[in-house]
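Morning, everyone. Please look at the screen while I walk you through one structure.

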Amino acid sequence: MGALTIHFHPMIPVRLEHVTKKFGSQIALDDVSLTIQAGEVFFLLGPSGCGKSTLLRLIAGLHQPTSGRIYFGDRDVTSIGTEHRNAVMCFQSYALWPHMDARQNIRFGLEIRKIDRTEADRRVEQVIQLVQLGPFAHKKPNEMSGGQQQRVALARALVVKPDCLLLDEPLSNLDAKLRLEMRTEIRRICRASGLTAIYVTHDQKEALSIADRMAVLNFGKIEQIGRPQELYLKPRNRFVAHFMGETNFIDGIVRGMKDSLIEVQTSVGNILAGYCPEPIQSGDRVVVSVRPETIRFGPAPSHSSLNAFAASVHDTIYLGEMAQHVVSLGTGPSLELKAFELNPKRVARDGAVEQTTIRIDPEDVVVLKN
Ligand code: ATP
């Protein structure tokens with residue numbers, strides 16, 4: 001792919017200070033403060049209605065905050081209209097002109113801005129090269145695939161040299177295979193253009209695979225900000241743990257510390273955990289979060305019996321490279337957990353049950369208070 005790097009702009013940070021947005025009595029965003037670093041690919045992630053599009057629109061200048069301030073670098077843009085803000089928005093519907101070919105679509109914004117012809121030619125060719133549209137530049141939108149149209153929309157946004165690029169679910173109209181391909185492409189294009197990019201999605205895999213950092217929103221508030229691995233492995237609360245990927249929650253009561261691990265009593269025995277995002281003490285009611293892919297099968301190595309449990313595999317969804325099992329622990333009222341196995345050797349189907357042992361590394365167990 002080559003290491004094409006085109007720095008169009010001085011990179012700028014985007015800062016929100018105590019931003020609230022109300023629509024009538026509806027609070028869409030509730031006192032949000034956030035700094036997106038210069039040149040960062042930052043994701044806003046959350047369920048439908050959590051306020052992520054509202055936040056993006058506030059940055060674009062398409063909405064005014066009810067209170068709070070927004071800065072591009074040192075410039076307070078809170079009351080500056082969208083046309084003077086130099087933030088471009090790339091929507092899920094690409095909104096390309098059907099009668100213009102790709103090159104004309106890309107060039108259009110420069111003509112409106114009355115950019116000199118030679119400079120416009122140079123910039124158009126530069127972004128066509130950046131988004132790798134060369135062979136399709138003469139095609140009209142209806143002659144291009146969804147992925148190619150997406151590239152035109154990105155090129156059209158980049159060619160005007162924005163201070164920041166705002167992407168609202170840009171991949172949602174593409175089929176699954178193309179989405180995967182464009183994930184890598186969008187990251188490459190953002191990196192190569194050196195722009196501050198803010199990207200809205202409800203798809204946590206998209207965020208995990210592209211983001212430098214991300215914020216998870218819920219009911220207009222930020223639940224957690226961090227790098228993808230931080231949010232996945234060290235969620236601050238139950239909402240983030242659940243939203244970032246599949247997990248098993250097991251209720252328990254903290255019993256104390258054991259060799260710098262937290263010991264939690266549960267209905268299937270004591271579970272040792274390596275991480276809790278907040279201070280806890282004996283007697284606290286908690287949930288233990290165990291991701292399905294961290295559960296291992298088979299007896300523990302002789303030197304360690306930490307977090308090893310007798311289990312029965314009840315049901316399996318076989319997917320080739322992996323299997324999704326339902327396993328039961330305990331003899332009394334049993335606890336069911338979901339467990340993923342790569343290169344699967346066991347398949348429990350049609351009432352067959354396999355007795356086994358499962359193990360969970362304490363370092364993979366997170367204790368959450370809420
Ligand atoms: P989705 O993923 O479904 O697009 P979202 O996280 O982007 O959701 P927003 O569109 O930001 O959520 O909406 C946040 C809240 O504000 C919702 O309750 C929504 O109904 C409300 N809202 C958004 N825009 C308006 C508007 N123009 N007028 C009234 N209410 C609005």
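Which residue takes a positive phi in the hairpin of β9 and β10? Phe 219 does, at near 45 degrees, in a hairpin with 2 residues between the strands.

Before I go on, some ground rules. This is a predicted model, where local features need pLDDT of at least 70 and side-chain atom pairs count only at pLDDT 80 or more, while totals for chains, interfaces and linings use all residues. Residues are numbered from 1 along each chain as its sequence is written, and side-chain values use heavy atoms, with hydrogens and water left out.

Back to Phe 219. Phe 219 sits in the loop between β9 and β10. Phe 219 is not a glycine, yet its phi is positive. In general, most residues other than glycine have a negative phi. Phe 219 counts as exposed because its relative accessible area is 71%. The cut-offs are these: buried is under 20% relative accessible area, exposed is over 50%, and partly exposed is in between, with a 1.4 Å probe and protein chains only.

Now the strands themselves. Two strands pair if DSSP finds at least two bridges between them. β10 covers residues 221–226 and pairs with β9 in the antiparallel sense, over 5 bridges. Find Asn 218: Lys 221 in β10 stands opposite. Ala 215 has Ile 225 as its bridge partner in β10.

β9 has another partner. Strand β3, residues 41–45, runs parallel to β9, with 4 bridges.

Lys 161 is not a glycine either, and its phi is about 55 degrees. Lys 161 lies in the loop between α4 and β7, residues 164–168. At a relative accessible area of 28%, Lys 161 is therefore partly exposed.

On to the inside. How many residues are in the largest nonpolar core? There are 48, and those touching the most other members are Phe 43, Ile 106, Leu 154, Leu 158, Leu 165 and Met 214. Apart from that core lies another, of 27 residues, including Ile 12, Leu 16, Ile 59 and Met 89. By a nonpolar core I mean a set of buried Ala, Val, Leu, Ile, Met, Phe, Trp, Tyr and Cys residues joined through side-chain atoms within 4.5 Å.

Helix α1 next, residues 52–60. Of its 9 residues, 7 are buried. Among them are Lys 52, Thr 54 and Ile 59. Just after α1 comes Gly 61, with a positive phi of about 85 degrees.

Then Ala 120, in helix α3, residues 117–130. Is Ala 120 buried or exposed? Ala 120 counts as buried because its relative accessibility is 3%. Leaving out residues up to four places away in sequence, Ala 120 touches Arg 107, Leu 110 and Ile 115. Contact here means heavy atoms within 4.5 Å.

Compare that with Ile 80, in the loop between β5, residues 75–76, and β6. Ile 80 has 21% relative accessibility, so Ile 80 counts as partly exposed. Beyond its neighbours within four places in sequence, Ile 80 is in contact with Arg 75 and Arg 85.

Last, the pockets. A pocket is an open set of points on a 1 Å grid over the protein atoms alone, where a 1.4 Å probe fits, with protein on both sides within 12 Å along at least five of seven lines; lining residues have an atom within 4 Å of a point. What is the space in the largest pocket? About 610 Å³. Its lining has 22 residues, with Val 88, Met 89, Arg 113, Arg 156 and Val 160 closest to the centre. β6, α2 and α4 each supply at least two lining residues.

The second largest pocket holds about 210 Å³. There, 13 residues form the lining, and the closest to the centre are Leu 233, Lys 234, Glu 363, Asp 364 and Val 366. For both volumes, grid points are joined across faces, edges and corners, and the volume is the space filled by probe spheres set on the points.
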